Structures are given as C-alpha cells and as structure tokens.
Amino acid sequence: MRIIYILLFFVFPGLLSAQVQPGFDKGEALEMIRICNSHTFLEIYSTDKAIIPSGYTRIYSSTPTIMDNMFQVYTSGKVGVIHFRGSTVHPNSWIENLYSAMIPATGSMTVYDRKRAYTFARDRNAAVHSGFALGVVLMSDEIIQQIQVLNRRGIYDILITGHSQGGALATMTHAYLENLEEGVIASRNRFKMYAFANPMTGNEVFADEYNKQFTARGVSFRIINPGDIVASLPFTYSDEEMFSAENIISWLSGEEEFDIGKLGLELVMRKFKDGLSSYIKKSNQLLHKLIAKQAGEIIFPDYVDDIKYVSVGELHKLEPFSYPEIILDSSEIAPGNLSDYEPLPDGRYMKKEPRFFQHKPYNYYVNLAREYSEQDYRKIRMKYLKENL
C-alpha cells in the first residue's frame, strides 16, 4: 500500500495535495460568506480588509458588464475562489433579475453581434433563467481567462461563491464550466460551489440533472434564511398536492409553519399560471428592448413555456435573523421617518424591521458564525451593520 501512495505522489502529485474535498465544510462556508461581503465593505468603508478571511489574497477584479455584473478572484495556498457580486442599484442589475422567462439550457445567444454557444445542462428539456444565463455568457470569456491564470499558478481547486444574484450567477457558472467542451479548460480543474440567499435558476429538468451531477457528489451547497423572500424567487408553483394529509399533520403538529400568505400566492400561481407565463414572456420582451438600446440587439433562443422554478444544491437552512430592539422617543425620530416605527403604550416608538433585513449578506455572515463557530462568533465586534438597521 505504501508503494502505491509513493507512486501516486510522483506520478500524480496534485491528486494527494488537493485542498478542496467534497462535502459541506463549515469553515469553507464561513470564509465564502465573508468574501461575499467584500463589495458591501468596499462601498461603506472603502476597504474590505476587516471582512476578508486571513490567508486570502484578491488577485483580480473584473469591470462591470452591461448588466452590472462583476466578479473577483482570490487565492489561498492552492485554492482559488471566484466570487460574484450580488444585485446593485443599477437598473440593469434589476432587469437581469426580472428577465425570468426561461430559455433552453443548451443553445446559443447573439450578444454584441457575436453568436455565443452555451451549455448549462445536457438534457434538451432543461431550461434556465434567461437573465442569469445572459449574465454568465457576458462574463464567460473573462472567467475562463482567470481560470487559466489560476492554473498557471498551479491552482486547480476552485471555489465558486456569491450572495443573492451573485449566488445565482455562481450556480449558473458552476453548471457552465462543468459543461464546457473538452480542452477549453484543463480537465484537472475541480469546482465546488457555495451559494447564499440565491434565487432559483432553472426548471425541474435542469435541477434534476444538476443535482445528480454535482449535489450528489457533495460539491454544491445552497445556504438560505427561510425569512428571506429572495431565496423563494422567481415566483413559481408546485405540482404537489397542496392539502395532503402529510401537510395538514405537519401544520397541526407545528413541524411546519402554516403560512397563509405563501399558500394564497401558491393558489394564485396555479390558477393563473398560463396567463402568468404569457405575461412573463411579454415583460421579458420589453426588458429585452431596454437592454438592446444600450448593448445592441441580443438574440435569445425562443422562450420555453415553463415557469416552474426548482432550487438546486444541498440545502442548509439558518434560523431567521433577529432584529434588535431599537426604542426611541418621538423627539429622536425625524418627522418623515415616523412610519418606520411602531408606537408603544408608554408613548415611545420601536423601530420596525426594515425590508430585506433578512437578506443582507452581513447578517448571513454573523448568523453562520453563530451557528457554525462559537469562537468566530465571539470575535465579531459588530453584530449588526448600522446601515442594515
């Protein structure tokens, strides 16, 4: 046995020195969500040194695409990281999110007068979110170039990560890279993906193929907070029986929370799904025109008649994030902000939890640390960013 290991070491030295292993790694997840806070810290503090984990060096930052997507590349020893930025305030960033009509998972699109082939899944019935597909295709050449840069440094183990829209792009990029034709990138490359708070990216057929190839191998993970609405987007519906005996028992026993709002939305989605599918296609045609005015004509494949999105990746749920008690006198509140507070019996006011508080990347970091590493959690001085309160 020792002789076999010695031979493996000399013939395939990278085989025994691989840094990234299959399976959910709490330490890796914590490091990735810290990196996912890079842009937040750069925007607020003009530096992200306080949030980037020790040992990681940023070697590349892309320029924003027409959809305002960008990515960063980090190294830590023999591990590389590709991190995608989440949604921004730029209108095109939100157009990308809303571009939710599905297109075939294998096909081609024409962007900047260039026909670009892509493959996110091999099954001809698989379909993906057209906005996120466009986002990946626009960055794909640059991503491949940066993987080759990592390879020249001897780095073949690569983590892919992102929060929110960045998590969706990370998922799609993972699928894209694994389905590249042989020879485009080195076959030695190994990818592992951590997506945080990400919207869904494809239909059931896409999800089945992705999960069989990657989730089952322990190289794809989805970390969400159930109180975060973004993780349930785009709005979709389920073919499962809504009032099954199992559902009713779980509601009555308290194992599953009965959410009348979610149930009502499900009923609406089912009743009007054909009309909704038509509406999504028409709205995407309008969004298409808005982008075409800036980037020239973008030619997609024909939209797929499917709006049933299904999540991918091994799911890891966090507890909903707690919002601190902020109680003020009326004199301390600007008149225009009074609606953000709940009146109390003693005449004071309590701050209401802001919209999207449950979605903020820093809250994901703090709560991951609390759940996965008591030592790391104790080291966090700021349990909340004041900008999120």
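This is a guided tour of one chain, stop by stop, with what to select and what is found there.

**Whole chain**

The model is predicted. Colour by burial next: of the 389 residues, 48% are buried. Take the contacts between residues at least 6 apart in sequence; 74% of them join residues at least 24 apart.

**Stop 1: the largest nonpolar core**

Select Phe84, Met109, Phe120, Leu134 and Phe206. These residues have the most contacts inside the largest nonpolar core, which has 53 residues. The strands are strand 2 (71-76), strand 3 (79-84), strand 5 (106-111), strand 8 (157-163) and strand 9 (190-196). The helices are helix 6 (130-152), helix 7 (165-178) and helix 8 (204-215). Which helix gives the largest share of this core? Helix 6 does, with eleven residues. As background, nonpolar side chains in soluble globular proteins tend to be buried together.

Zoom in on phenylalanine 120. Leave aside its neighbours within four places in sequence. Phenylalanine 120 is then in contact with Ala105, Val128, Ala133, Val136, Met172, Ala175, Tyr176, Asn179 and Phe206. A second, separate core can be picked up from Val20, Ile52, Leu159 and Tyr372, which are among its 35 residues.

**Stop 2: helix 7 against helix 8**

Helix 7 supplies Thr171, His174, Ala175 and Glu178, while helix 8 supplies Phe206, Tyr210 and Phe214. By class, the contact has four nonpolar, two polar and one charged residues.

**Stop 3: helix 3 against helix 12**

Select residues 26-35 for helix 3 and residues 361-372 for helix 12. The axes come within 9 Å and cross at roughly 160°. Why call this pair roughly antiparallel? The cut-off is an angle over 145 degrees, and the crossing of roughly 160° makes helix 3 roughly antiparallel to helix 12. The crossing is left-handed.

On helix 3, pick Lys26, Ala29, Leu30, Ile33 and Arg34. They meet Pro361, Tyr364, Tyr365, Leu368, Ala369 and Tyr372 of helix 12. The residues of this contact divide into nine nonpolar, no polar and two charged. Tyr372 also belongs to the second core.

**Stop 4: proline 104**

Go to strand 4 (residues 102-104), where proline 104 sits. Is proline 104 buried or partly exposed? It is partly exposed, with a relative accessible area of 22%. Draw a distance from its C-alpha to that of valine 304. The separation is 6.6 Å in space, against 200 residues in sequence. Beyond neighbours within four places in sequence, proline 104 is in contact with Tyr118, Ala126, Ala127, Val128, Pro301, Asp302 and Val304.

**Stop 5: serine 93 and aspartate 68**

Move to helix 5 (residues 91-98) and select serine 93. Serine 93 is buried, with a relative accessible area of 0%. Not counting residues up to four places away in sequence, serine 93 touches Met67, Asp68, Ser87, Thr88 and Gln165. Its C-alpha is 7.2 Å from that of asparagine 69, 24 residues apart along the chain.

Step across to aspartate 68, in the loop between strand 1 (57-61) and strand 2. Aspartate 68 is buried, with a relative accessible area of 13%. Check its backbone: phi is near 65°, a positive value in a residue other than glycine.

**Stop 6**

Tyrosine 112 is in the loop between strand 5 and strand 6 (114-119). Tyrosine 112 is not a glycine, yet its phi is positive, at about 50°. This residue is partly exposed, with a relative accessible area of 47%.

Finish at proline 234, in the loop between strand 10 (220-224) and helix 9 (245-253). Select leucine 233 with it. The peptide bond from leucine 233 to proline 234 is cis, with omega near -10°.

Conventions
Residues are numbered from 1 along each chain as its sequence is written. This is a predicted model: local features need pLDDT of at least 70, side-chain atom pairs count only at pLDDT 80 or more; totals for chains, interfaces and linings use all residues. Side-chain values use heavy atoms; hydrogens and water are left out. Axes are lines fitted to C-alpha atoms, for helices over the stretch in contact, and angles run from 0 to 180 degrees between N-to-C directions. Helices (H or I, at least four residues) and strands (E, at least two) are DSSP runs, numbered from the N terminus. Angles under 35 degrees count as roughly parallel, over 145 as roughly antiparallel, 65 to 115 as roughly perpendicular and the rest as oblique. A crossing is left-handed if the near helix is turned anticlockwise from the far one by less than a right angle, and right-handed if clockwise. Contact means heavy atoms within 4.5 Å. Ala, Val, Leu, Ile, Met, Phe, Trp, Tyr, Cys and Pro count as nonpolar, Asp, Glu, Lys and Arg as charged, and the others, Gly among them, as polar. A nonpolar core is a set of buried Ala, Val, Leu, Ile, Met, Phe, Trp, Tyr and Cys residues joined through side-chain atoms within 4.5 Å. Buried means under 20% relative accessible area, exposed over 50%, partly exposed in between (1.4 Å probe, protein chains only).
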